[in-house]
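Please read this note with the model open beside you. Take the points in order, and find each residue as it comes up.

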Amino acid sequence: MTHTTPVTYLFDPLCGWCYGASPMVEALMGRDGIAVELVPTGLFAGDGAFPMNDGFARHAWDSDQRIAALSGQPFTEAYRVGVLGRRDGRVDSGPTTLALTAVRLTAPEREFETLKALQSARYAGGRDNGDPAVVAAVLDGLGLDEAAHRFRAPDAELLAVRHARWAAGRADRRRFGATGVPALIAGAGESRRLLRAQALFGGIDTLLAHVRAAHPA
């Protein structure tokens, strides 16, 4: 019988560090015996959303340079100008999480692909993925017609599932003392353990060693 290790990935679609961690999360998802569940925390949604401002833009760009150096992920000039440089946008992950939840309900095997596309639209393409029109266009571009329809006209189920996912993510952050996102929790039931965030910015073998140490066979 194959031993499978459950791993919970806590993230926010507008978190630069989560974008930096995406290649390592994808590599982990591709390994046999690992089952990764995506759980958004709503860090920049609801009461956590705010208008883009000079202070946040400076802080984000400084952090982004560190993330790029650690991960190799691109943070382009188009992003610096078109997202951080605008003052008519919001830092709001509500729309992106709604889109991801629509995909989870209609094509769950494509949720991480969608997350990557939404992140790339922002950090590489310079498109504000806090804007519902941008998010809808990304879904359209991926051919996720059913998810795009539900995103544009959200029903009670979609909104309730998004809320439940945020609640679960926030509860895990509190329970395990995660100071932020990205965060990985390995194991099931009472054996679940929070991994060190630094493990997401090393090699895949190092990350796998942390996962196995937290949840031995």
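The numbered points below go from the sheet to the core, and then to a few single residues.

1. Ground rules. This is a predicted model: local features need pLDDT of at least 70, side-chain atom pairs count only at pLDDT 80 or more, and totals for chains, interfaces and linings use all residues. Residues are numbered from 1 along each chain as its sequence is written, and side-chain values use heavy atoms, leaving out hydrogens and water.

2. Start with the open sheet of four strands, in the order 2-1-5-6, with mixed pairing. Strand 2 and strand 6 are at the edges; each has a single partner strand, so one side of each has no neighbour in the sheet. Helices (H or I, at least four residues) and strands (E, at least two) are DSSP runs, numbered from the N terminus. Two strands pair if DSSP finds at least two bridges between them. Strands of a sheet pair through backbone hydrogen bonds, either parallel or antiparallel.

3. Strand 1 and its partners. Strand 1 (residues 5-11) pairs with strand 2 in the parallel sense, over seven bridges. T5 stands opposite I34 in strand 2. F11 has P40 of strand 2 as its bridge partner. With strand 5, strand 1 runs antiparallel, and four bridges join the two. Here Y9 stands opposite L184, and L10 has A183 as its bridge partner.

4. How covered are these strands? Buried means under 20% relative accessible area, exposed over 50%, and partly exposed in between (1.4 Å probe, protein chains only). In strand 1, six of the seven residues are buried, so the strand is largely enclosed by the rest of the structure. Strand 2 (residues 34-40) is mostly covered, with five of its seven residues buried.

5. The crossover. Strand 1, helix 1 (residues 16-29) and strand 2 form a right-handed β-α-β unit. Right-handed has a viewing rule: with the strands pointing away from the viewer, the path from the first strand over the helix to the second runs clockwise.

6. The core. A nonpolar core is a set of buried Ala, Val, Leu, Ile, Met, Phe, Trp, Tyr and Cys residues joined through side-chain atoms within 4.5 Å. The largest one has 49 residues, and those with the most contacts inside it include V7, Y9, L28 and L184. Apart from this core lies another, of 14 residues, among them Y19, A57, V83 and V91. In soluble globular proteins, nonpolar side chains tend to be buried together.

7. L28 up close. Which residues does L28 touch, not counting those up to four places away in sequence? They are V7, I34, V36, L184, I204, L207, L208 and V211. Contact means heavy atoms within 4.5 Å.

8. R192. Where does R192 lie? R192 is in the loop between strand 5 (183-186) and strand 6 (193-194). R192 is buried, with a relative accessible area of 13%. Its side chain makes a polar contact of 3.1 Å with the side chain of T8 and another, of 3.0 Å, with the side chain of D172. A polar contact is a pair of N or O atoms within 3.5 Å; within protein, one must be able to donate a hydrogen and the other to accept it, and residues adjacent in sequence count only if both atoms are side-chain atoms. D172. This residue lies in helix 8 (residues 156-176). D172 is buried too, at 12% relative accessibility. Leaving out residues up to four places away in sequence, D172 touches T8, L10, I185 and R192.

9. Cysteines. How many disulfides does the structure hold? The count is zero, where a disulfide is a pair of cysteine sulfur atoms within 2.5 Å. C15 is buried, with a relative accessible area of 5%. C18 is buried at 0% and has its place in helix 1. C18 and V181 are 163 residues apart in sequence, yet 6.7 Å apart in space, C-alpha to C-alpha.
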